[in-house]
Amino acid sequence: DRPALAAKAFATAESKKDLEAITHPAIGEEFLRQVAAAPEGGIVVHDVPLLVESTRGYDYGAVIVVEAPTELRLTRLEARGVDREDAERRMAAQATDEERRKVATWVVDNSKDLAHLEAQIEGIWTELQARAH
């Protein structure tokens, strides 16, 4: 029950820390396992929703930040069943777009259609492949 978990986990800073204390060790172990299992010269992609907010300190070879205007994000979240006030509260507790851009190797604009998004990702993928070789 993701909505119920989110309501409890993100209610306070302490409840968020409690959830992280439960989940982060297992997530960290799986992260390291997958990296170790990757073939030499392979590209490992990790989806880390709160990378900037994290204190885990993993060293990434590159960071892709995907962004869209706030109103569009809220509209998309509402379409997925997330209460607007809850979404606004969560977004306010997260890093700003500027903070994310500071760690970004690439910034992807996700404000348009899928074709626009795919074109950007194709270019990044080409660069990642070049770096891997």
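Mentor: A helix here is a DSSP run of H or I with at least four residues, numbered from the N terminus. The model is predicted. Lys16 and Glu20 both sit in helix α2, residues 13–37. They are four residues apart, about one turn of the helix.

Trainee: Why is the pair Lys16 and Glu20 called a salt bridge?

Mentor: Set the distance against the cut-off. The closest N and O atoms of Lys16 and Glu20 are 2.8 Å apart. The limit is 4 Å, so the pair qualifies.

Trainee: What makes Lys16 and Glu20 buried, exposed or partly exposed?

Mentor: Lys16 has a relative accessible area of 27%. Glu20 has 22%. Buried needs under 20%, and exposed needs over 50%. Both values fall in between, so Lys16 and Glu20 are partly exposed.

Trainee: How many salt bridges does the structure hold?

Mentor: It holds 13. Another one pairs Glu67 with Arg101, with closest N and O atoms 3.1 Å apart. Glu67 lies in strand β1 (residues 64–67) and Arg101 in helix α5 (residues 97–103), so this bridge ties together parts 34 residues apart in sequence.

Trainee: How do you know whether Glu67 is buried or exposed?

Mentor: Its relative accessibility is 16%. Buried means under 20%, so Glu67 counts as buried.

Trainee: Why is the pair Arg84 and Glu71 called a salt bridge?

Mentor: Its closest N and O atoms are 2.7 Å apart. Arg84 lies in helix α4 (residues 84–93) and Glu71 in helix α3 (residues 70–79), so the bridge ties together parts 13 residues apart in sequence. The 2.7 Å distance is within the 4 Å limit, so the name holds. Arg84, at 26% relative accessibility, is partly exposed. Glu71 is partly exposed too, at 46%.

Trainee: Which residues are linked in a network of salt bridges?

Mentor: Glu53, Arg73, Asp97 and Arg100.

Trainee: How many aromatic pairs does a search of the whole structure find?

Mentor: One. The rings belong to Phe31 and Tyr60, with centres 6.0 Å apart and planes at 75°. The pair links distant parts of the chain, 29 residues apart. Phe31 is in helix α2, and Tyr60 is in the loop between α2 and β1.

Trainee: What makes the rings of Phe31 and Tyr60 a pair, and which type are they?

Mentor: Centres must lie within 6.5 Å, so 6.0 Å passes.

Trainee: Which residues of α6 are buried, and how are they arranged?

Mentor: Leu117, Ile124 and Leu128 are buried. Seen down the axis of α6, they fall within an arc of 50°, so they line one face of the helix. They pack against β1 and β2 (106–109). The face turned away from the buried side carries the exposed residues Glu122 and Ala130.

Trainee: What does the chain look like as a whole, in helices and strands?

Mentor: It has six helices and two strands. From the N terminus the order is α-α-β-α-α-α-β-α. The C-alpha atoms fill a box of roughly 45 × 35 × 25 Å along the principal axes. Of the 133 residues, 16% are buried.

Trainee: How many of the contacts with a separation of 6 or more come from residues 24 or more positions apart?

Mentor: Such residues account for 61% of them.

Terms used. Residues numbered from 1 in each chain as written. Predicted model: local features only at pLDDT ≥ 70, side-chain atom pairs only at ≥ 80, totals over all residues. Heavy atoms only, no water. Salt bridge = Lys/Arg side-chain N within 4 Å of Asp/Glu carboxyl O. Buried < 20%, exposed > 50% of the residue type's maximum accessible area, 1.4 Å probe, protein only. Phe/Tyr/Trp six-rings, centres within 6.5 Å; stacked < 30°, edge-to-face > 60°. Arc of directions from axis to C-beta. Contact = heavy atoms within 4.5 Å.
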